[in-house]
Amino acid sequence: MNAAGVLGMTPDILKRVYDSGAGAVISKSIGPEPRRGHPNPTLVRVECGALNAMGLPNPGVEYFVEEIQEIKKMGVPIIASFFGGSTQEFADVAYKLSRAGADALELNASCPNVAEELGMLAADAANVEKVTAAVRDETKLPLFVKLSPNVTNIKSIAVAAEWGGADAITAVNTSKGIAIDINLRRPILANVTGGLSGPAVKPVSLRCVWEVAQAVKIPVIGCGGITTGRDAIEYILAGASALEVGTAVMTHGLDVYKEIADGITCYMENNGFTSISEMVGLAHDYENIGVDNACLGMTK
Ligand code: SIN
């Protein structure tokens, strides 16, 4: 899947992501009302990744209902990412997106770029459980909860989401960072801080997947710096059952989805696996596993 916010702006762009090899697509995070987001600059390339501080710009759930219906007509499985400013708003938006025909929901509990009540819900386990439970009451759709790496104990937050009724955990959103223009002598992003994504965060995000997979019984969706088949395999072995790819589209174009899928297939063929589920979390059994990396050099 594409990571929420990456190419999730219009039905046509999401269709292109699907046609490029993603198994499903994820929308930009949708809130209760239209939101302009932060002023520019909102995105800066940094070494090994990108920093963004978009500020959750979106057209609001009422408008987005029509977009979901359009995407469904194209035959594309759509996961609607969403957020709210209160427990009730999260529940209301989830209800409307479910009725609109989304195939699954991803509760964004982790945007690092907005005020606490909108974004860093994920820092508080009790809140995560409460909001997840309120959303659970409004929808029968598969519900993923996307967590932040910017917390002290991600295991406890993941367990809280599971107790609240989540069907899967997405681990993780971006890591909070900053970039400074040495000539202007000021932060580059208008929001000052932003969320770091791309290869720079992969070891941190992978560690989050590893820890979450140890803490919960529900599936984990890996996200953070996945660019190659090798990255994907690392995430699966750490415990991810599915993956989200975002920043790699900036560096490799839309072909990256197919390249990653081909890399996974190559590894499976060379190592005698017939399904992804056979590989999920295998690295936790690290004392007993043998490794054949021969094919991975084929992936970009
Ligand atoms: C943003 O809109 O600022 C990024 C969204 C997110 O990281 O959840």
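Mentor: Helices (H or I, at least four residues) and strands (E, at least two) are taken here as DSSP runs, numbered from the N terminus. Residues are numbered from 1 along each chain as its sequence is written, and side-chain values use heavy atoms, with hydrogens and water left out. The model is predicted, with local features needing pLDDT of at least 70 and side-chain atom pairs counting only at pLDDT 80 or more, while totals for chains, interfaces and linings use all residues.

Start with the ligand. A residue counts as near it if one of the residue's heavy atoms lies within 4 Å. The residues around the ligand are Lys28, Asn52, Ala53, Met54, Gly55, Leu56, Pro57, Asn108, Cys111, Pro112, Asn113 and Asn173. By class this shell comprises six nonpolar, five polar and one charged; Ala, Val, Leu, Ile, Met, Phe, Trp, Tyr, Cys and Pro count as nonpolar, Asp, Glu, Lys and Arg as charged, and the others, Gly among them, as polar.

Polar contacts here are pairs of N or O atoms within 3.5 Å; within protein, one must be able to donate a hydrogen and the other to accept it, and residues adjacent in sequence count only if both atoms are side-chain atoms. Lys28 has a polar side-chain atom 3.4 Å from a ligand oxygen. For Met54 a polar backbone atom is involved, at 3.1 Å from an oxygen of the ligand. Asn173 places a polar side-chain atom 3.0 Å from a ligand oxygen. The ligand taken alone exposes 260 Å², of which the protein buries 91% (accessible areas by the Shrake-Rupley method with a 1.4 Å probe; for residues, only the protein chains shown count as cover).

Now the backbone. Most residues other than glycine have a negative phi, and most peptide bonds are trans. Leu56, listed above in the ligand shell, is not a glycine but has a positive phi of about 55 degrees. Leu56 sits in the loop between strand 3 (49–52) and helix 2 (61–73). The peptide bond from Ala171 to Val172 is cis, with omega near 10 degrees, and Val172 belongs to the loop between strand 7 (168–171) and strand 8 (175–178). Another cis peptide bond joins Asn40 and Pro41, where omega is about -5 degrees. Pro41 is in the loop between strand 1 (25–26) and strand 2 (43–46).
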